[in-house]
Amino acid sequence: MYKIIIPQAVIKELTRIDKKNQQLIYNKLKDLENGRFTGDKALKGRYKGKYRKRAGNFRIIYLRENDILLITIVRIAHRKEVY
């Protein structure tokens, strides 16, 4: 099981999203917490080292540190705004 860190700025972004998508994102965060990384994609370019998880039309950008089982959520935003 991973420990997930969600910064205050990300929580603020999440509160602006409608309740239906918030629930979908919450379920995806639970998947991350349980170590389910299926379908996640490693990012390239300036985001190298980070991963993305799809949650409908939203993307969860996160940094995974395997050595200490820690996931830091970097950003949650609509797919047209996130990159």
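Predicted model: local features only at pLDDT ≥ 70, side-chain atom pairs only at ≥ 80, totals over all residues.
Biologist: What makes the contact of Lys-30 and Glu-33 a salt bridge?

Modeller: A salt bridge is a side-chain nitrogen of Lys or Arg within 4 Å of a carboxyl oxygen of Asp or Glu. For Lys-30 and Glu-33 the N to O distance is 3.2 Å, so the pair meets the definition. Both residues lie in helix α2 (residues 19-33), three residues apart, about one turn of the helix. Helices (H or I, at least four residues) and strands (E, at least two) are DSSP runs, numbered from the N terminus.

Biologist: Why is Lys-30 called partly exposed?

Modeller: Buried means under 20% relative accessible area, exposed over 50%, and partly exposed in between (1.4 Å probe, protein chains only). Lys-30 has 34% and therefore counts as partly exposed; Glu-33, at 22%, is also partly exposed.

Biologist: How do you know that the length of α2 agrees with its number of residues?

Modeller: The expected span of a helix is 1.5 Å times one less than its number of residues. The 15 residues of α2 should therefore span 21 Å, and the end C-alpha atoms are 21 Å apart, which agrees.

Biologist: Which residues of α2 are buried, and what covers them?

Modeller: Asn-21, Gln-22, Ile-25, Leu-29 and Leu-32 are buried. They cover an arc of only 100 degrees around the axis, which puts them on the same side of α2; the arc is that of the directions from the helix axis to the C-beta atoms. Their cover includes β1 (3-5), α1 (8-15), β3, β4 (58-65) and β5 (70-78). The face turned away from the buried side carries the exposed residues Lys-19 and Lys-20.

Biologist: What makes Asp-40 and Lys-53 a salt bridge, and which parts does the pair tie together?

Modeller: Their closest N and O atoms are 2.8 Å apart, which is within 4 Å, so the pair qualifies. Asp-40 lies in the loop between α2 and β2 (41-42) and Lys-53 in strand β3 (residues 51-55), so the pair ties together parts that are 13 residues apart in sequence. Asp-40, at 19%, is buried, and Lys-53, at 4%, counts as buried. The side chain of Asp-40 also makes a polar contact of 2.4 Å with that of Tyr-62 (a pair of N or O atoms within 3.5 Å; within protein, one must be able to donate a hydrogen and the other to accept it, and residues adjacent in sequence count only if both atoms are side-chain atoms).

Biologist: Why is the pair of Tyr-2 and Phe-37 called edge-to-face?

Modeller: Rings of Phe, Tyr and Trp (its six-membered ring) pair if their centres lie within 6.5 Å; planes under 30 degrees apart count as stacked, over 60 as edge-to-face and the rest as tilted. The structure holds three aromatic pairs. The rings of Tyr-2 and Phe-37 have centres 5.2 Å apart and planes at 85 degrees, so this pair is edge-to-face. Phe-37 and Tyr-62, by contrast, are stacked, at 6.4 Å centre to centre with 25 degrees between the planes. Tyr-2, Phe-37, Tyr-51 and Tyr-62 form one aromatic cluster.

Conventions: Residues numbered from 1 in each chain as written. Heavy atoms only, no water. Contact = heavy atoms within 4.5 Å.
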